[in-house]
Amino acid sequence: MIEAPETWLPTAIAGLVGLSLAVAVVATAWPRQAHRIGLFGALAVFAWVLGLSALFVAAGPEAEAAATRVALGGWEAPLGLMLHLDGLSMTLLVLTAIVALATSLYSLGYIHDRIERRQFWPLWLWLWAGLNMLFLSGDAFNLYITLEVVSLSAVALVAFTGTAAAVSGAVRYLLINILGSLSFLMGVVLLFGEHGVLDLVLLEARSEAGPTERMAAVLMTAGLMLKAALFPLHVWLAPAHGSAPAPVSAVLSGLVVTGSFYLLLRLWMGVFAPLATPAFGILIGLLGVAALIWGSAQALRAGRLKSIVAYSTVAQFGYLLVAFPLMLVDPDAWRVVVFFAVVHALAKASVFLAAGTLQHAAGHDRLAELGGVLRARPRTVFALGLAGVSLMGLPFTGGFIAKYLLLEAGLGTILAGSVIGVLWVVAIAGGGLLAAAYVLRMVAPAFHRGPERAGEAVSPWMDWVPLGLATVAALAGFAGTLTLHTLTLTPGAP
Amino acid sequence: MNGLAELAHTLAPGLLYPTGGAILFAMGLYGLIRRHHLVLRILALNIMGSGVFMVLLGVAARGEGPPDPVAQALTLTGIVVAVSATAFALALVVHLTRLTGHAVMLPGPPDDDAPVEDISREEHHADGGPAAPHPDQDRNP
């Protein structure tokens with residue numbers, strides 16, 4: 001007898017947390033076999049997430065009334081921990097699964113050394129498990145714990161190569177992350193002191209625009225902006241992301257930063273929603289414009305390929321801030337913001353993977369001397385270009401759909417009578433031009449005449465995975481309707 | 001001075017601890033920004049953490065009756081996380097000190113501001129002349 005999908009959902013949600021944790025624990029316990037465990041674990045978690053999303057979409061309008069909530073161990077909300085699955089977390093779980101699977105396959109080719117393999121795989125699987133828990137957690141204190149799991153394993157991965165630059169970048173990243181976490185925790189403590197509950201849904205029901213909420217909002221927002229490298233708290237990003245190994249950079253820029261942004265969005269759509277005023281929205285939007293200009297300028301003058309990509313993350317996250325005032329005028333715009341973040345994560349991860357392949361082949365990533373290697377590796381350059389086109393937002397790519405929808409929301413605010421809407425529209429359109437400039441800078445050396453230089457041999461995984469992920473990023477536009485539909489299944493959001 | 005002691009005595013723990021915690025948090029933040037030695041920075045972060053836990057204990061002590069066990073459990077969990085993070089940070093600092101000889105951070109990645117204007121020039125000049133672009137020059141460590 002076949003039961004309705006709703007009855008399976010809670011088991012599938014708890015199972016996802018259990019499975020990803022189990023894979024991480026087993027890989028830590030048997031480091032000798034970590035790469036095999038990691039590969040099969042990655043495939044299993046990926047399949048599980050796809051199954052979960054099928055169940056979730058099939059459960060249909062039931063999920064709209066109330067998101068699926070699972071009480072761990074049968075302890076209900078005020079005391080127990082709740083897992084929480086809605087359209088927003090489902091979308092980000094699928095994104096994480098896609099990028100994480102691509103990164104795992106890439107790492108098979110990237111990390112050969114026996115000792116390095118033992119160190120890399122357990123850390124990477126912990127990071128993935130932490131991200132899965134972050135997207136599924138519905139409890140403020142538990143969110144702090146998952147943030148720490150994610151950031152500690154991310155820091156260890158940044159320090160992975162063990163060079164002075166990498167360890168220094170890791171220390172900077174760790175100090176910033178602990179500061180952000182403590183600030184977030186202080187906000188959680190204030191909310192707990194005021195309302196006596198930690199569950200996000202219960203907090204949302206009790207929240208009002210009081211002084212405690214204001215203070216908590218300032219602390220938690222500042223902490224998460226620090227972790228998400230949102231302007232002006234972004235200075236740590238380029239040293240950390242630029243000095244990490246390629247698969248790690250891809251995950252940091254694609255997923256870890258997006259995770260902090262997800263939490264920020266969730267808080268401001270729920271607990272802090274009564275505090276959002278138009279003036280605050282404009283302030284955040286102006287920060288976004290500054291991020292777009294500053295990040296693009298740095299990307300245009302950086303001399304290393306991976307630095308360009310890292311600075312472009314700062315610039316692209318400016319869009320997410322610019323979208324904030326749009327959300328206040330047109331509440332529906334938040335879905336576009338999430339879609340943009342999804343497309344950005346896919347494209348940015350493939351750009352970093354492609355850059356890693358080129359760096360591996362050339363032995364360095366100084367743009368001025370990369371010409372020969374770029375000419376000899378058309379497949380990788382094509383991946384770089386394809387993902388870059390999605391970042392720019394040229395038609396038929398995922399980036400185009402996302403920017404088109406953002407522009408539409410921006411024009412909507414102008415029609416609604418907001419003068420400053422003109423600035424948002426100019427920023428969204430102009431940011432695309434700046435993106436085009438730095439993406440072309442990355443691929444331009446390939447088109448100069450000169451000798452080819454194949455450089456060091458590259459494993460097939462490193463050759464094909466960036467191209468595959470870039471194709472997914474470009475085709476994400478066709479999944480736009482499905483993504484936006486999934487996102488409507490988020491209760492409490494407009 | 002006597003008046004001050006009396007004032008502290010009359011302050012309920014529900015007010016004393018949060019105020020003290022906020023002061024610790026601010027002091028730690030100041031130390032984190034002003035100090036450059038990494039061990040001092042890690043200590044500053046620990047002081048900030050103690051500030052957060054003091055506020056949490058104040059929350060637990062507020063109201064009538066016995067203290068709130070949930071807040072105390074949260075404090076314990078938080079201390080465990082803080083200890084692990086501190087241990088990890090200290091290990092990284094020890095490693096960095098072995099590599100560089102100093103317990104301070106390096107100023108950003110090398111080559112980041114390398115001049116870039118020579119890309120096109122170098123390539124165009126390369127097509128005819130014998131000045132073929134150095135195949136192995138960029139292999140240096």
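A residue is called buried if 20 or more other C-beta atoms lie within 10 Å of its own, exposed if 12 or fewer, and partly exposed in between, with C-beta atoms placed from the backbone. Everything here comes from a predicted model, where local features need pLDDT of at least 70, side-chain atom pairs count only at pLDDT 80 or more, and totals for chains, interfaces and linings use all residues. Residues are numbered from 1 along each chain as its sequence is written, and chains are lettered from A and ligands numbered from 1 in the order in which they are written.

**View 1. Chain B, a chain of helices and no strands.** Let's start with chain B: reading from the N terminus, its elements go α-α-α-α-α. Helices (H or I, at least four residues) and strands (E, at least two) are DSSP runs, numbered from the N terminus. Of the 141 residues in chain B, 27% are buried. Take the contacts (C-beta atoms, placed from the backbone, within 7 Å) in chain B between residues at least 6 apart in sequence: 54% of them join residues at least 24 apart.

**View 2. The largest nonpolar core and A:L346.** A nonpolar core is a set of buried Ala, Val, Leu, Ile, Met, Phe, Trp, Tyr and Cys residues joined through C-beta atoms within 7 Å. This one has 228 residues, and A:V158, A:A323 and A:L346 touch the most other members. Helix α14 (residues 333–362) of chain A gives the most to it, 22 residues. Skipping neighbours within four places in sequence, A:L346 has contacts including A:I98, A:V99 and A:G398.

**View 3. A:A297 in helix α12 of chain A.** This helix covers residues 278–301. A:A297 counts as partly exposed because it has 14 C-beta neighbours inside 10 Å. Look for A:Y438 too: it sits 141 residues away along the chain, yet the two C-alpha atoms are separated by 8.9 Å.

Key: Two residues are in contact if their C-beta atoms, placed from the backbone, lie within 7 Å.
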